[in-house]
Amino acid sequence: MLDETDDIHPLFSGAPKTTEFRKLRKRIVRETREAMDRYGMVRRGDRWLVCLSGGKDSYTLLAVLHELKWRGLLPVDLLACNLDQGQPGFPATVLPDFLKQMGVEHRIEYADTYSIVKQKVPAGRTYCALCSRLRRGNLYRIAREEGCSAVVLGHHRDDILETFFLNLFHGGKVATMPPKLLNDEGDLCVLRPLAHVAEADCARFAAAMNYPIIPCDLCGSQDGLQRQAIKAMLDTWEEKAPGRRGKMFSALMSVRPSHMLDTALFDFAGLMGTEPENSTEMEGSR
């Protein structure tokens, strides 16, 4: 079905007809469906706010979700949303023009979080934490205004792995981005349908489709970020042992609480062998 060229969503219009691209596209679609099924993301009749930054990952997310909906495989309504955060030089017309051309229902929201981040974050410190917190607050507000049940993000497998190591090395905890999360208020789910998709596949897909990529000039302008160091470490491991990222990601899906050290997850104190039959007799003979 996915190979038909006479019945296709506009987001896939002009897609390369090479065997390599067909395989890439099928793999991304398959892995997206696997994640949605595995983590129970889809509830028929829901409305999703699909967050679009203009980067390769969010374009891939947008295209795959609309392809699945176009094929009748995703029974939810989709609303694309771009939050213009007031970054100087941001090409404000690129995404609206693109989404109109593709026939994608969308909302463009302006909220100058850039000035707040620049004002609040000391020189030399990372912008990402405050920037993402302000962005998340605005996206939650928009989702509620639009009657959406979920905020859908373009984080992929590599983002999840990098966050795991950031928490491990710098946060002192074993945790990462979950593919599905209920917000603190309990009224919105945060979904990451690309959780099983490799970053390299997102990059190849967006480049092959020639989507108009918009770089992030805020966090992307800072050097020496901890996440960049983690990414470089994973790249080195992958180069030395191809497939290492896939193995590590599989490990995150196969956690054995009894082989960790968290007493909140496993009752180590109650883990006892059977009492020897002659224990009473031995005690009395002392």
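User: Where does His66 sit, and what makes that a helix?

Analyst: His66 lies in helix α2, residues 56–70. Helices here are DSSP runs of H or I with at least four residues, strands are runs of E with at least two, and both are numbered from the N terminus. Bear in mind that this is a predicted model: local features need pLDDT of at least 70, side-chain atom pairs count only at pLDDT 80 or more, and totals for chains, interfaces and linings use all residues. Residues are numbered from 1 along each chain as its sequence is written, and side-chain values use heavy atoms, leaving out hydrogens and water.

User: Why is His66 called buried?

Analyst: Buried means under 20% relative accessible area, exposed means over 50%, and partly exposed is in between (1.4 Å probe, protein chains only). His66 has 10% relative accessibility, so it counts as buried.

User: Which residues does His66 touch?

Analyst: Not counting residues up to four places away in sequence, His66 touches His9, Leu11, Leu78 and Val104. Contact means heavy atoms within 4.5 Å.

User: What makes something a nonpolar core?

Analyst: A nonpolar core is a set of buried Ala, Val, Leu, Ile, Met, Phe, Trp, Tyr and Cys residues joined through side-chain atoms within 4.5 Å. The largest one has 41 residues, and Trp48, Leu62, Leu65, Phe205 and Tyr211 touch the most other members. Helix α2 gives this core its largest share, 7 residues. There's also a second, separate core of 15 residues, including Leu49 and Cys148.
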